[in-house]
Each structure stands twice: as structure tokens, then as C-alpha cells.
Amino acid sequence: MSAYASAKQIYANIGVDTEAAIARLDTIPISIHCWQGDDVRGFEGNDDLTGGIQATGNHPGRAKTADELRTNLDKALALIPGAAKINLHAIYGDVKGIDRDAITPAHFSAWADWAVERGLGLDFNPTLFSHPKSADGLTLTHPDPAIRAFWIEHCKRCRKVGEYFGQKTGQVSVVNVWAPDGYKDIPADQLTPRKRLEKALDEIFSEKLDPAHIIDAVESKLFGIGVESYTVGSHEFYMGYAVKNNIALCLDAGHFHPTEVISPKISAVSLFVKNLLLHVSRPVRWDSDHVVLLDDELLAIAHEIIRHGLLDRVHIGMDFFDGSIDRIMAWAIGGRNVRKALLVALLEPYAQIKKAEENLDFTQRLLMLEEKKMLPWQAVWNEYCNRKNAPERLVL
């Protein structure tokens, strides 16, 4: 008997259909972030990286052109089985010499054509960092109305690009707004910048676009380098804004306190927002965006999504950038780990565990939660990879 046939029988004995799990796993799109491939530099012709983020390391192979980046993404996609999207920032189009308040869908047509040819979706992000008009650490909340207007126009145009992606690919594009605005030292006035941010967001989202093509999202952060004391777009601000305005809330695994995780937040906020965007990352002491491991938190995130039937409402994206290792393998390792975590969650005998919990049989609940860790999910993973012509294990 093959390893998979044995595993299939073991799972069947506890009421789990491995074939159904494989079929569902294959349809869950993971949004692969383009910025791992070039250390968040983009193609405007500017190598500066600002906004409280850093990409460290000098491993050879950083993409210098959009064609190189797409070629490298193709190599990574061949190693990551299952449905995928590509997540772009606004600095990754044919935008050299084009200021950010002037971008149009035409500047991203090469990406759209490439994605359509491969059956990929495309997500999008305004880039509110690494620009002369973000040098003060303030963009949508800048005291200068002209600077605020510049960034508002940029975000409006990014929404149009996202709508275009949705139309071209036939897959909804999640357009996520994150602004690095904040202060290095303690501000005297914490309220006024948030009022400016609320007003700016209201203007950005004032035009209603077709939800079949675009989902708007907003993303919070605890702090960044140079804005250690105060971030305008805190979790509380954006959660309130998302609930009030019925737009998606982004939870980034690295954007909270060092010991705070996002997995328990998923079910809580799902009661109040229709759509959630996840940036799956791995912070090491701060939002340092390391390659995702198959660790307890990643497994917990996957279980929260699967257990509560949130796959149609939660959009899963990765967000890390490590320039110290091979960038293609970084994508592949991280993407495969996200899909492995989803498979483990899909193979969980959740109905039985939940029944024990509802019967207040906490001993049985604990027993099953521990014993399921020994179930042969690796054999199911290997079978899935073989069916997708992807390697069971990665080797350099």
C-alpha cells in the first residue's frame, strides 16, 4: 500500500476526506508579493528604501527589471503548487520617469498580459514611501495640503489600476492602502493627524468601484524605523475605519507588539468586517519580515480560517523580504509553508473536536488536539505535489 493510500485510510477512519481536502487546497489563492524579488526597490530608477522598513543582505540575483522579476516569479511559481496571485506595489510598473500621481493602468499592462497568460490574479498597493514627498515621514497626514493631495491622487489612481487588473484577469484585485506616517518622538497632538488620515481616506474611497473587480483594504502598523513613538494608522484606527466604511481590514503578522499574534484576531474581526486581508510574515523582535516558517502561528492562522469557514472572505498574501538568501527560494519556501499550513487545517477532524468542546469534554478536546499532530499529513502533501508536478521537497 502506498504512503498516500495508507494516509487516506487513516484519515477516513476519523471522518476526514483527503481527496476533498486536496481539491479545496488547490483552489485557495495565495498572493505572492513581488517585492521579495528586488528588496522593495521597484523600477522608478530610485534605489532608496524609506518609510520605516528595511531589506537587508546582498545575496546575488536581485531583479533589476520587470522582465527579470517576472522570470524569477515564474521559477518560484513552478515550485509552489496551487492557485496564486501576484501582489504588486505601484513602483513595479513601467513607471520610470512617471510620478506617482500620474500612473495609469497602461503602465501595468505588461503585468496584466503576463498574469492572464498564466491564469494568475493581481493584487495592488499604493507606494507611499521612498519618494521625495514622503521624506518627512508623512504622506496622507502631512500638514501641507499640497502633499496630502499628491498622495490622495496617487491612491485614487492605484484603485483604478486594481480595477483594471480585476477586469483583465477575471479575479478580484485587493488594493491595500498602507501609509508609513508617524513620528520618531512623542507628538503633542495625536488626534489631528488621525483626522487628516480619515479625511484623506474618505476622499480616496469616494468613488465607488465594482466590487467584482476590486476590494479596498486598509492596513495598520505598530511602528517603523524612524516612527517609533507614534503611528497615525494604528490598529484601532483602521479597525474602526474598516467597520464604519465596510471595507477590508488587513492584518499583518508583523505589525503588532512583539508577543502579539494575529491568529486570534481573525475570528473576532470577522464578525464586523466582510473581508479580511492577511499579510503572512514572520517578525523577529520587530516587523523585520522574515521568510514564513511552518511554525505554530502560521498553523494557527490557517486553522482559524478553515475552522470558521472564512476562505471566501479572507484573502491570504505574503509579506517578507530577505536579501540575505536566494530570493526565488525565499518565495518558494514561504509559499509552500503557507499551503502546507492550509492543508494541515483542512485535514483536521474539526467536527469531532468541536463536538467534544460543546459537550464540555475538555479532556477529549485536548487529547484530539494533541493526537492529530501525529496524523500523516506529509503523505497527503507529497501526493498533492506529485499531482501538480511540483517537487515534494525543495533542493538547491
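1. Rings of Phe, Tyr and Trp (its six-membered ring) count as a pair if their centres lie within 6.5 Å; planes under 30 degrees apart are stacked, over 60 edge-to-face, and the rest tilted. Phe 108, Phe 124, Tyr 164 and Phe 165 make up one aromatic cluster. Across the whole structure the search finds 13 aromatic pairs.

2. A word on the basis. The model is predicted, so local features need pLDDT of at least 70 and side-chain atom pairs count only at pLDDT 80 or more, while totals for chains, interfaces and linings use all residues. Residues are numbered from 1 along each chain as its sequence is written, and side-chain values use heavy atoms, with hydrogens and water left out.

3. Phe 237 and Tyr 241 both sit in helix α7, 4 residues apart, about one turn of the helix. Helices here are DSSP runs (H or I, at least four residues), as are strands (E, at least two), numbered from the N terminus. The ring centres of Phe 237 and Tyr 241 are 6.3 Å apart and the planes are at 15°, so this pair is stacked. Phe 237 is buried at 14% relative accessible area, and Tyr 241 is buried at 4%. Buried means under 20% relative accessible area, exposed over 50%, and partly exposed in between (1.4 Å probe, protein chains only).

4. Helix α13 (residues 377-387) holds Trp 381 and Tyr 384, 3 residues apart, about one turn of the helix. Their ring centres are 6.0 Å apart, with the planes at 55°, so the pair is tilted. Trp 381 is buried, at 2%. Tyr 384 is buried too, at 1%.

5. Two lysines lie over rings. Lys 133 is over the face of Phe 150, 4.9 Å from the ring centre. Lys 265 is over the face of Phe 256, at 4.7 Å from the ring centre. The rule asks for NZ of Lys or CZ of Arg within 6 Å of the ring centre and within 35 degrees of the ring normal.

6. The largest pocket holds about 770 Å³ of space. Of its 32 lining residues, Val 172, Pro 211, Ile 214, Ile 215 and Asn 275 are the closest to its centre. A pocket is an open set of points on a 1 Å grid over the protein atoms alone, where a 1.4 Å probe fits, with protein on both sides within 12 Å along at least five of seven lines; lining residues have an atom within 4 Å of a point. Volume is the space filled by probe spheres set on the points, which are joined across faces, edges and corners.

7. At least two lining residues of the largest pocket come from each of α2 (18-27), β6 (214-219), α7 (235-245) and β10 (314-318). By class, this lining has 14 nonpolar, 7 polar and 11 charged residues. Nonpolar covers Ala, Val, Leu, Ile, Met, Phe, Trp, Tyr, Cys and Pro; charged covers Asp, Glu, Lys and Arg; the others, Gly among them, are polar.

8. The second largest pocket has a volume of about 470 Å³. Among its 20 lining residues, Leu 299, His 303, Val 344, Lys 372 and Lys 373 are the closest to its centre. α9 gives the largest share of the lining, 6 residues. The lining of this pocket has 11 nonpolar, 2 polar and 7 charged residues.

9. Disulfides (cysteine sulfur atoms within 2.5 Å) number 0. Cys 34 is in no disulfide, and its nearest cysteine sulfur, that of Cys 158, is 12 Å away. Cys 34 is buried at 0% relative accessible area.
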